[in-house]
Amino acid sequence: MTGELISSILVLIGAIFCALSAFGLVRLPDVYLRSHAATKSATLGVLCVLGGGFLYFWVVDGTVSFKLLLAIVFVFITSPVAGHLNGRSAYRSGIPLWEGSVQDDLKPLVDKGQEIPGEE
C-alpha cells in the first residue's frame, strides 16, 4: 500500500513537471530558454514518471523491470546532451539571444575568433 502510494506520488510529480515544461516551451521567449525548459524540467518529469512505474512494478508484482531502468539511464544521459547541442548549434547559427538576457559567455570568444571550448 505504501509503495503504491509513493509510486503514485512520483508519477503525479512527474506529470506536473512535464506540464510545467510544456508551459515553458510555449511561453519562454527564445530558443535558449525553451531548450532549458525542454531539457531540465522535462527530464525530471520523465524520470519521476519512469521511477514511479519502476517502483510500482517492484512493489506490486515483485519484478524488477530492466527496461524501465534502461529507459531511465537513457533519458538521464541523452536529454541534457541533446539540449546542450541544440543550444550550441543555435548560437553558432546566429540566432540572437532574448533582449532581456544579461550574460553571453561565448560572445567574447566568437568576436575574437577564438575556438569555443568543447568545439574542435
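**Ground rules.** I number residues from 1 along each chain as its sequence is written, and side-chain values use heavy atoms, with hydrogens and water left out. Since the model is predicted, local features need pLDDT of at least 70 and side-chain atom pairs count only at pLDDT 80 or more, while totals for chains, interfaces and linings use all residues.

**Entry 1: UniProt spans.** I looked up "transmembrane region" in the unreviewed UniProt entry, which lists residues 6–26, 38–58 and 64–83. Positions there follow the numbering used here, feature names are shortened, and annotations may be inferred rather than shown by experiment. I then checked two of the spans for helices (DSSP runs of H or I, at least four residues) and strands (E, at least two), both numbered from the N terminus. Residues 6–26 came out as 100% helix and 0% strand, with end C-alpha atoms 30 Å apart. For residues 64–83 I got 90% helix and 0% strand, and the end C-alpha atoms again lie 30 Å apart.

**Entry 2: nonpolar patch.** I found a nonpolar surface patch of about 730 Å², made by Tyr56, Phe57, Trp58, Val59, Val60, Val64, Phe66 and Leu69. Helices α2 (31–60) and α3 (66–92) each give two or more residues to the patch, and α2 has the largest share with five. Patch residues have over 30% relative accessible area and no salt bridge (a Lys or Arg side-chain nitrogen within 4 Å of an Asp or Glu carboxyl oxygen). Nonpolar side chains (Val, Leu, Ile, Met, Phe, Trp, Tyr) are joined within 5 Å, like charges within 9 Å. Areas are Shrake-Rupley with a 1.4 Å probe, and for residues only the protein chains shown count as cover.

**Entry 3: single residues.** My scale was buried under 20% relative accessible area, exposed over 50%, partly exposed in between. Val59, in helix α2, counts as partly exposed because its relative accessibility is 41%. Ala19 sits in helix α1 (residues 2–27) and is partly exposed at 47%. Val102 lies in the loop between α3 and α4 (107–112), and its 84% makes it exposed.

**Entry 4: nonpolar core.** The largest nonpolar core has six residues: Leu47, Leu50, Phe54, Leu68, Ile72 and Val75. Helices α2 and α3 each give two or more residues to this core. A core here is a set of buried Ala, Val, Leu, Ile, Met, Phe, Trp, Tyr and Cys residues joined through side-chain atoms within 4.5 Å.

Notes
Buried means under 20% relative accessible area, exposed over 50%, partly exposed in between (1.4 Å probe, protein chains only).
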